[in-house]
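Here are a few notes to read alongside the model.

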Amino acid sequence: MKIGIVCYPTFGGSGVVATELGLGLAKKGHNVHFITYRRPARLTSFHENVSYHEVGDADYPLFEYPPYDTKLCSKLVDVIKYESLDILHVHYAIPHATVAYLAQKIVLQETGKYIPFITTLHGTDITLVGSDSSFASPVQFGINRSDGITAVSEYLKSKTEEVFHVENDIRVVYNFIDFARFSKSNKDHFRRAIAPDGEKIIMHTSNFRAVKRADDVIRIFQKILAKTPAKLLMIGDGPERQNCENLCRSIGICNEIRFLGKQDAIEELLAVSDLFILPSGNESFGLAALEAMACEVPVISSNIGGLPEVNIQGVTGYMRDVGDIDGMAADALQILLNENNLAQFRQNALEQAKKFSIDNILPQYEAYYAEILDTVVHKPVV
Ligand code: GMT
């Protein structure tokens with residue numbers, strides 16, 4: 001199949017899922033074309049069957065707000081026509097679903113060919129931004145005009161159906177993990193550098209948006225630190241990072257916390273971590289938690305959104321209500337203070353992560369593409 005993938009190129013979850021999906025499909029012999037405004041963060045080298053089409057700037061003095069949607073649409077039309085795509089898969093509804101619809105209509109008018117598009121809903125496109133009334137109409141329209149819709153958890157499917165009037169079935173296809181990359185490796189030299197006196201290593205990764213509640217991580221860590229020697233790795237960057245740095249300075253625990261910024265090889269840091277904390281105010285799936293579990297790191301998380309579909313209470317970690325810092329700290333200590341307990345949680349985390357192996361999930365996307373292409377053959381073109 002010739003597949004066009006539209007995504008945000010950032011370190012955020014939707015971009016990671018889109019890129020790993022494209023690379024996985026290319027490995028299986030499909031031709032994959034990534035279309036976005038910057039090289040996707042996880043597309044770091046040459047891959048057979050993979051092309052990248054950059055959407056350029058719409059730079060003209062008249063444009064106080066450069067019309068990215070129009071530039072993207074124009075690039076989509078070009079790639080669909082000249083690379084003879086079979087199907088388009090757009091990740092994150094805003095603005096990709098409506099832009100794909102427009103491109104589809106332009107190509108149909110210019111060539112008579114109907115190219116179906118699938119929209120994958122990732123989370124904040126529905127929960128935060130999509131339900132903001134100023135975005136709602138185009139998002140609902142884009143969802144309903146998609147030839148196929150997927151959501152990354154049962155929670156997100158229900159939430160979308162609750163917030164929008166959805167005319168078609170939404171297929172749940174979970175986030176996935178590639179064990180060829182995410183599995184525990186021996187990085188003892190990292191452990192010695194980070195925690196020279198055998199301290200426990202706790203980790204958080206995110207884009208430091210307010211929804212991630214990264215400041216809760218620091219407060220939970222402060223309580224852990226009161227009971228056992230530990231180090232905290234804060235990975236990623238974003239709007240709340242400075243506040244988090246200020247918080248750890250004001251409570252005087254900076255020597256135990258390292259802000260490492262954006263990192264490419266997260267798996268090497270997970271390899272030396274004992275616990276992962278994700279106290280988000282909302283999370284449609286929680287890919288970061290799955291990556292941790294694949295590397296045998298138990299998870300302390302909130303019990304919100306799709307997290308209960310990933311983190312199993314008392315088995316792979318623990319969950320608490322959003323903002324329950326005391327509860328999360330107590331659960332963390334419950335795991336960390338007993339080596340046998342920690343070993344069991346590590347093993348359980350790995351077993352649970354295996355359910356989301358790329359080998360199980362990628363064929364679900366391939367089957368869905370085939371199903372949509374088949375439907376389109378039998379659908380009257382309008
Ligand atoms: O976590 C973010 O805010 C980034 C966001 C994105 O779309 O880039 O992530 C969302 O998509 C991920 C991949 O499907 C999910 O694993 C995350 O749970 C989801 N984030 C939220 O719902 C907050």
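1. Start with helix H8 (residues 214-225) and helix H12 (residues 325-336), which pack at an angle of about 50° with axes 9 Å apart. That angle makes H8 oblique to H12 (under 35 degrees is roughly parallel, over 145 roughly antiparallel, 65 to 115 roughly perpendicular, and the rest oblique). Axes here are lines fitted to C-alpha atoms over the stretch in contact, with angles from 0 to 180 degrees between N-to-C directions. Helices (H or I, at least four residues) and strands (E, at least two) are DSSP runs numbered from the N terminus.

2. Who makes that contact (heavy atoms within 4.5 Å)? From H8 come Asp216, Arg219, Ile220, Lys223 and Ile224, and among the H12 partners are Met328, Ala332 and Leu336. The contact residues split into eight nonpolar, no polar and four charged.

3. A word on the source: this is a predicted model, where local features need pLDDT of at least 70 and side-chain atom pairs count only at pLDDT 80 or more, while totals for chains, interfaces and linings use all residues. Residues are numbered from 1 along each chain as its sequence is written, and side-chain values use heavy atoms, with hydrogens and water left out.

4. Now look at H11 and H13, whose axes come within 7 Å and cross at roughly 120°. These two are therefore oblique to each other. Leu290, Met293 and Ala294 of H11 meet Ala349, Leu350, Gln352 and Ala353 of H13. That gives six nonpolar residues, one polar and no charged.

5. How many aromatic pairs does the structure hold? There are nine, a pair being rings of Phe, Tyr or Trp (its six-membered ring) with centres within 6.5 Å; planes under 30 degrees apart are stacked, over 60 edge-to-face, and the rest tilted. Tyr8 and Tyr37 have ring centres 6.4 Å apart and planes at 70°, so they sit edge-to-face. Tyr8 is in the loop between E1 and H1 and Tyr37 in the loop between E2 and E3, so the pair ties together parts 29 residues apart in sequence. Ring pairs also link Tyr8, Tyr37, Tyr68 and Tyr92 into a cluster.

6. Buried or partly exposed (buried is under 20% relative accessible area, exposed over 50%, partly exposed in between, with a 1.4 Å probe and protein chains only)? Tyr8 is partly exposed at 22%, and Tyr37 is partly exposed at 28%.

7. Phe285 and Phe356 have ring centres 5.5 Å apart and planes at 85°, so this pair is edge-to-face. Phe285 is buried at 1%, and Phe356 is buried at 4%.

Note on methods: Contact means heavy atoms within 4.5 Å. Ala, Val, Leu, Ile, Met, Phe, Trp, Tyr, Cys and Pro count as nonpolar, Asp, Glu, Lys and Arg as charged, and the others, Gly among them, as polar.
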